[in-house]
Amino acid sequence: MREFDVKKITEAVKRLSMETNYFLGEDMVKALKASLDKEESPVGKSVLGQIIENQEIARTEQMAICQDTGFTVVFIDLGQDVHLTGGDLTEAVNEGVRQGYQEGYLRKSIVKDPLHRVNTGDNTPAVIHLRIVPGEKVHLTVAPKGGGSENMSEVQMLKPADGPEGVKNFVIDRVRRSGGNPCPPIVVGVGIGGTYETAALIAKRALLRELGQFNPDPYYAEMEKELLRAINRLGIGPMGLGGRVTALGVFIETYPCHIASLPIAVNIQCHAARHKSVVI
Amino acid sequence: MVMHMHEKKIIAPLTDDVVKTLRVGDNVLITGTIYTARDAAHKRLVDLLNAGKALPIPLKGQVIYYVGPAPAHPGKPIGPAGPTTSYRMNPYAPYLIEQGLKGMIGKGEMGENVAEAMKKHGAVYFAATGGAAALIARSIKHAEIVAYEDLGAEAIRKLEVENFPVVVAQDCYGGNIYKEGVAKYHIAS
Ligand code: SF4
């Protein structure tokens with residue numbers, strides 16, 4: 001067993017809250033630059049140019065890429081042989097968010113109650129997804145999620161008879177109906193299977209993958225490529241102003257499901273695709 | 001990095017003549033004074049209008065930017081400040097357009113009800129690049145909260161902007177880039 005002060009969690013969350021918001025991942029930067037050649041629309045090219053220039057400014061000036069610095073989603077894989085000391089894990093994560101968003105000049109975008117809508121003032125609470133895993137390490141990922149792309153996400157309970165066609169149609173239609181709202185070029189997280197809430201959660205976890213990685217199952221890897229081609233034929237383009245580059249990647253994750261069900265979730269991620277992990 | 005295409009330079013507040021020259025797809029650089037407002041501020045403005053009360057900001061000829069900026073770093077007038085999604089303002093925008101609002105800046109398509117008010121009263125909707133918040137902040141030279149300070153990021157700010165880069169997305173003739181642009185690049189499968 002390993003003893004472990006929760007202050008380390010606070011420090012990691014604080015640092016990653018700032019770093020994810022200032023520094024866009026190398027995979028995204030590479031994909032955005034490559035997309036400039038694929039884009040045929042002059043307006044689309046100019047939008048892509050602005051997005052690339054923007055992340056360079058954010059990186060050099062250490063300021064947020066996007067003013068919507070998101071709901072702080074924190075994934076923790078906690079080794080079962082770790083003994084946390086020095087306080088409450090949830091509070092330690094929230095303290096990291098509080099410090100990171102305050103000291104990092106990040107926007108506070110969370111309201112305490114969905115209907116009364118008074119801002120909590122420090123971007124807390126975080127959304128925490130905790131798994132207990134073997135071992136004595138803590139794997140922690142911070143993934144701030146903007147409202148614009150989250151609002152275009154959806155879960156649907158398909159019938160098993162809807163099959164792969166039903167799944168693909170739902171994904172493509174969800175992207176089509178989203179238009180420019182989620183700040184394309186987007187990354188599309190797809191969760192198939194499980195229960196209602198599992199589908200949404202695996203769709204979100206799918207977004208933590210690096211661009212260029214595919215589902216290890218060749219069947220789903222092929223479906224990811226097919227969906228990406230279909231989405232980029234929609235014509236939505238950068239910021240929905242028309243063009244060839246609508247999505248940079250489609251990530252599918254699956255889970256076993258009930259004989260009566262075919263749950264599907266699409267979690268849309270904007271080009272400000274922010275996530276970073278540490279192992280403590 | 002940014003492509004240099006032909007850009008129209010305009011001054012805000014806008015006149016009817018300027019609005020009429022703007023067509024879907026035009027690249028525009030805005031210089032002058034604009035105001036910020038998001039959902040919460042819009043709700044308050046429209047509640048005041050419905051109650052027949054005076055507004056805290058002028059509307060005639062003005063441009064409203066849908067944005068809730070991040071906090072400013074020391075020495076900067078404003079923090080990162082990219083557009084928010086505009087459809088959330090669909091229920092409010094027509095009331096403001098009726099009162100003389102001439103332009104809106106945001107991201108994503110605005111509703112039919114807004115397009116109709118824009119046609120009737122002569123107004124234009126500009127798309128700014130969502131997520132390009134650090135880049136856009138460079139064109140904002142001065143910012144000052146003028147109403148609803150309690151709303152924090154959602155307070156109404158008066159901005160002085162210089163060459164703020166936008167694209168005409170929906171014009172006063174009913175033109176709509178979200179329909180025309182997408183149709184142009186759509187490939188039937
Ligand atoms: S959808 Fe993403 S890029 Fe667009 S405004 Fe929201 S957080 Fe920023």
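**Interfaces and a shared ligand site**

A salt bridge links B:Lys76 to A:Glu61, with the closest N and O atoms 2.5 Å apart. (A salt bridge is a side-chain nitrogen of Lys or Arg within 4 Å of a carboxyl oxygen of Asp or Glu.) The model is predicted: local features need pLDDT of at least 70, side-chain atom pairs count only at pLDDT 80 or more, and totals for chains, interfaces and linings use all residues. Residues are numbered from 1 along each chain as its sequence is written, chains are lettered from A and ligands numbered from 1 in the order in which they are written, and side-chain values use heavy atoms, with hydrogens and water left out.

Across the interface of chain B and chain A, 2 salt bridges are found. The interface also holds 15 residue pairs in polar contact, both residues at pLDDT 80 or more. (A polar contact is a pair of N or O atoms within 3.5 Å; within protein, one must be able to donate a hydrogen and the other to accept it, and residues adjacent in sequence count only if both atoms are side-chain atoms.) On the side of chain B that touches chain A, α5 (133-137), β7 (156-170) and α6 (177-185) each supply at least two residues. The largest share, 5 residues, comes from α6(B). (Helices, H or I with at least four residues, and strands, E with at least two, are DSSP runs numbered from the N terminus.) This side has 27 nonpolar, 13 polar and 5 charged residues. (Ala, Val, Leu, Ile, Met, Phe, Trp, Tyr, Cys and Pro count as nonpolar, Asp, Glu, Lys and Arg as charged, and the others, Gly among them, as polar.) About 3,800 Å² is buried between the two chains, 63% of it on carbon and sulfur atoms. (Buried area is the accessible area, 1.4 Å probe, that two parts lose on being put together, summed over both.)

Chain A is divided into domain 1 (2-20 + 65-145) and domain 2 (148-273), with bounds from an automatic or database domain assignment. Between these domains of chain A, about 800 Å² is buried. A:Phe75, A:Arg131 and A:Lys145 supply 64% of the area that domain 1 buries against domain 2, more than any other three residues. The count between the domains is 1 salt bridge. A:Lys145 pairs with A:Glu150 in a salt bridge, at 2.9 Å between the closest N and O atoms.

The ligand is surrounded by 13 residues, each with a heavy atom within 4 Å of the ligand. The closest are A:Cys66, A:Cys183, A:Cys270, A:Arg274 and B:Gly131. The site is shared between chains, because residues from chains A and B surround the ligand. Domain 1 and domain 2 of chain A each give at least three residues to the shell.
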